[in-house]
Amino acid sequence: VSSSVKALRGQIVSLRGNPFLHPSAECLTHHPDGLVIIADGHITAAGPWETTAPLLPAGVTPVHYPDHLIMPGFIDTHVHYPQIQMIGAYGEQLLEWLNTYTFVTEQQFANRAHADRIAKIFLRELLRAGTTTAVVYCTVHPQSVEAFFAESARLNTRMIAGKVLMDRNAPAPLLDTAQRGYDESAALIARWHGQGRQLYCVTPRFAPTSTEAQLDAAGALLRDHPGVYLQTHLCENKGEIEWVRELFPERRSYLDVYDHAGLVGPRSVFGHAIHMHEGDFCTCHARGAALAFCPTSNLFLGSGLFPLDAATDPARPVRVGLGTDVGGGTSLSQLQSLNEAYKVVALSGGRLDAVRAFWLATLGGAEALYLDDRLGKVAPGYEADLVVIDPKATPFMAFRSDYCTSLEEQLFTLMTMGDDRAVRATWVAGECVHDRDAA
Ligand code: GUN
Ligand code: ZN
């Protein structure tokens with residue numbers, strides 16, 4: 001028996017289609033008593049116990065999670081690891097918040113030992129929340145990226161991250177230059193992109209903190225290194241948008257600033273994108289770019305309501321993933337992101353059902369990142385990144401759960417009431433990396 005074969009038994013809940021394009025009921029796969037078999041970090045079989053158990057190699061005993069939900073690990077498409085130490089910073093909107101808290105905190109990451117410590121805590125908390133893949137901002141310091149990828153490589157998590165590029169409008173210790181930013185990013189790409197499960201993301205913070213020369217250098221990084229990602233912030237806050245208009249008067253829109261530099265394409269992920277025009281959505285659709293919906297942050301910083309239904313309009317759907325945006329966001333739990341996402345959509349006059357919600361947190365995120373051939377499903381061939389959810393994690397949840405009459409209701413109340421306490425276990429590439437009930 002290969003020692004790398006593992007198996008999990010429980011309820012399997014997985015998305016198989018996009019519920020923004022197809023009826024939700026057709027998009028969910030559910031095996032009330034299911035079995036997942038894993039070999040060498042990949043799922044080799046997933047299905048009902050009766051038909052899948054015969055495929056178990058002799059000597060392999062499944063880890064049994066009775067009545068728990070085995071789901072694809074959550075995907076967080078926008079988060080800042082250096083900001084976990086300032087989560088819940090009081091009382092400001094975006095631009096004041098950046099100056100008062102963020103740019104002060106991020107200066108500490110010049111110190112590699114500090115970066116190592118925070119990266120470890122961040123990834124531990126991410127796994128405790130059931131998130132197995134994230135698109136992560138480091139700081140301007142290359143050592144902050146080294147610290148992050150080193151810990152991610154140790155855990156064998158599939159992470160996408162990059163060094164922040166900023167060459168103006170921030171404190172001097174946080175500034176690089178267009179050339180230095182290019183060189184340091186290129187060196188990090190050579191060292192980390194495609195190294196094991198790590199993927200690199202070119203990361204100009206946002207238009208106000210980069211000169212046009214630096215945005216062009218970011219475009220050159222994408223052209224010179226096919227397959228790397230691009231992340232930045234877009235149309236988050238009214239004051240920010242006005243500032244971009246003043247800084248780039250010759251561009252038609254905020255998105256056009258990035259487009260002009262060649263930054264809008266497949267594997268581009270734009271955080272927030274709240275105050276968008278129809279033309280912006282059309283451009284993102286045409287280019288295959290993705291938006292990160294960050295509900296807890298958009299509410300906490302008073303930024304606005306992301307127009308999810310407009311973004312996902314089947315006439316020209318834009319790829320959308322779910323982001324926590326910690327420290328602007330207030331929780332690393334994607335269950336809590338979905339709790340707030342539902343309210344954001346409700347305030348916009350729409351509805352976010354549980355199937356759409358969990359799609360955003362799993363397969364939708366994978367599609368946004370062009371990783372839906374390997375992440376986001378509990379299915380053969382997929383990487384074995386799994387979250388095991390306990391629907392009865394607290395006495396109140398157990399009580400509420402007894403009144404659920406459908407899987408959809410169970411999932412919906414889970415996102416309303418759930419957080420890291422509901423994460424019974426997290427598996428990464430076929431290894432259990434978090435067990436809530438272990439001593
Ligand atoms: N815009 C530019 N930088 C940031 C950041 O760190 N967080 C958020 N939410 N928005 C930004
Ligand atoms: Zn952000």
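Trainee: How many residues of domain 1 are in contact with residues of domain 2?

Mentor: This is a predicted model. In it, 16 residues of domain 1 touch 17 residues of domain 2. The assignment places 6-73 + 376-435 in domain 1 and 74-332 in domain 2. Their centres, taken over C-alpha atoms, are 30 Å apart.

Trainee: What area do domain 1 and domain 2 bury between them?

Mentor: Interface size is often expressed as the accessible area lost when the parts come together. Here domain 1 and domain 2 bury about 1,400 Å², with 62% of it on carbon and sulfur atoms. On the domain 1 side, F20, G73 and V428 supply 33% of the area buried against domain 2, more than any other three residues.

Trainee: How many salt bridges does the rule find across the interface of domain 1 and domain 2?

Mentor: The rule finds 4 salt bridges across that interface. As for polar contacts, 6 residue pairs between domain 1 and domain 2 are counted, with both residues at pLDDT 80 or more.

Trainee: Which strands each supply at least two residues of the side of domain 1 that touches domain 2?

Mentor: They are β14 (386-389), β15 (423-428) and β16 (431-435). The largest share, 4 residues, comes from β15. By residue class, the side of domain 1 that touches domain 2 has 10 nonpolar, 3 polar and 3 charged residues.

Trainee: Which side chain meets that of D385 in a salt bridge?

Mentor: That of R197, with an N to O distance of 2.8 Å.

How values were computed: Residues numbered from 1 in each chain as written. Chains lettered and ligands numbered in written order. Predicted model: local features only at pLDDT ≥ 70, side-chain atom pairs only at ≥ 80, totals over all residues. Heavy atoms only, no water. Domains from an automatic or database assignment. Contact = heavy atoms within 4.5 Å. Buried area = accessible area lost by both parts, 1.4 Å probe. Polar contact = N/O pair within 3.5 Å; in protein donor to acceptor, adjacent residues only side chain to side chain. Nonpolar A, V, L, I, M, F, W, Y, C, P; charged D, E, K, R; others polar.
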